Amino acid sequence: MPQDPTERRVVVTGPPRRALSASAYYRPRTEIDEQTTLGHTYVRSLMRIQLRTGLTVFAVLALLIGPLPLVFAAAPDARLEWAVLGFGLYPPLVLLARWYVRRAERNERDFVRLVEDR
């Protein structure tokens, strides 16, 4: 038995036989599944981006629809109301919905790429 444990030496004769890959150290999918703090941060960031996208759409929608009662009060003609609702409002709503869906899908794609690529 050695007299002092600090005097013991270990000799390494070669490189390690199996090197761990970077993915063995870092697995975001596992972090999310196990609901760790890091996984919670990933999911919270996705939710924050999706919320920001939804609030942007809501703000544009409020600016688009909000002044309509004033427009209808200023011009009591029923034809103008139908023209504004049918031709002036419907195309921007479709474009806004299309933008929202594309943006939400892009956010989710970016999240999946972040989680699976590393």
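Modeller: Start with E108, which is partly exposed because its relative accessible area is 42%. Buried means under 20% relative accessible area, exposed over 50%, and partly exposed in between (1.4 Å probe, protein chains only).

Biologist: Which helix is E108 found in?

Modeller: E108 is found in helix α5. Helices (H or I, at least four residues) and strands (E, at least two) are DSSP runs, numbered from the N terminus.

Biologist: What is E108 in contact with, leaving aside its neighbours within four places in sequence?

Modeller: With those neighbours left out, E108 is in contact with L46 and Q50. Contact means heavy atoms within 4.5 Å. E108 and L46 are 62 residues apart in sequence, and their C-alpha atoms are 7.4 Å apart in space.

Biologist: And Q50, is that buried or exposed?

Modeller: Q50 is buried, because its relative accessible area is 18%. Q50 lies in helix α3, which covers residues 37-65.

Biologist: What does Q50 touch?

Modeller: Not counting residues up to four places away in sequence, Q50 touches A104, N107 and E108. A polar atom of the Q50 side chain also lies 3.5 Å from the backbone oxygen of A104.

Biologist: Before I go on, what am I looking at, and how is it numbered?

Modeller: This is a predicted model, in which local features need pLDDT of at least 70, side-chain atom pairs count only at pLDDT 80 or more, and totals for chains, interfaces and linings use all residues. Residues are numbered from 1 along each chain as its sequence is written, and side-chain values use heavy atoms, with hydrogens and water left out.

Biologist: What is the mean pLDDT of the protein chain?

Modeller: The mean is 82, and 82% of the residues reach 70 or more. pLDDT is the predictor's confidence in each residue, from 0 to 100.

Biologist: Change of topic. How many salt bridges does the structure hold?

Modeller: The structure holds 1 salt bridge. The term covers a side-chain nitrogen of Lys or Arg within 4 Å of a carboxyl oxygen of Asp or Glu.

Biologist: Which side chains meet in it?

Modeller: Those of D110 and R113, at 3.2 Å from N to O. Both residues lie in helix α5, 3 residues apart, about one turn of the helix.

Biologist: Why does R113 count as partly exposed?

Modeller: Because R113 has 45% relative accessibility. D110 is partly exposed too, with a relative accessible area of 36%.

Biologist: What about E116? Where is that?

Modeller: E116 is found in helix α5. Between E116 and R27 there are 89 residues of sequence separation, and 8.2 Å in space from C-alpha to C-alpha.

Biologist: Last one. Which residues make the nonpolar surface patch?

Modeller: W99, Y100 and V101 make a patch of about 270 Å². Patches are made of residues with over 30% relative accessible area and no salt bridge: like charges are joined within 9 Å, nonpolar side chains (Val, Leu, Ile, Met, Phe, Trp, Tyr) within 5 Å. Accessible areas come from the Shrake-Rupley method with a 1.4 Å probe, and for residues only the protein chains shown count as cover. V101 is partly exposed at 42% relative accessible area, and V101 lies in helix α5, residues 78-117.

Definitions and conventions:
Polar contact = N/O pair within 3.5 Å; in protein donor to acceptor, adjacent residues only side chain to side chain.
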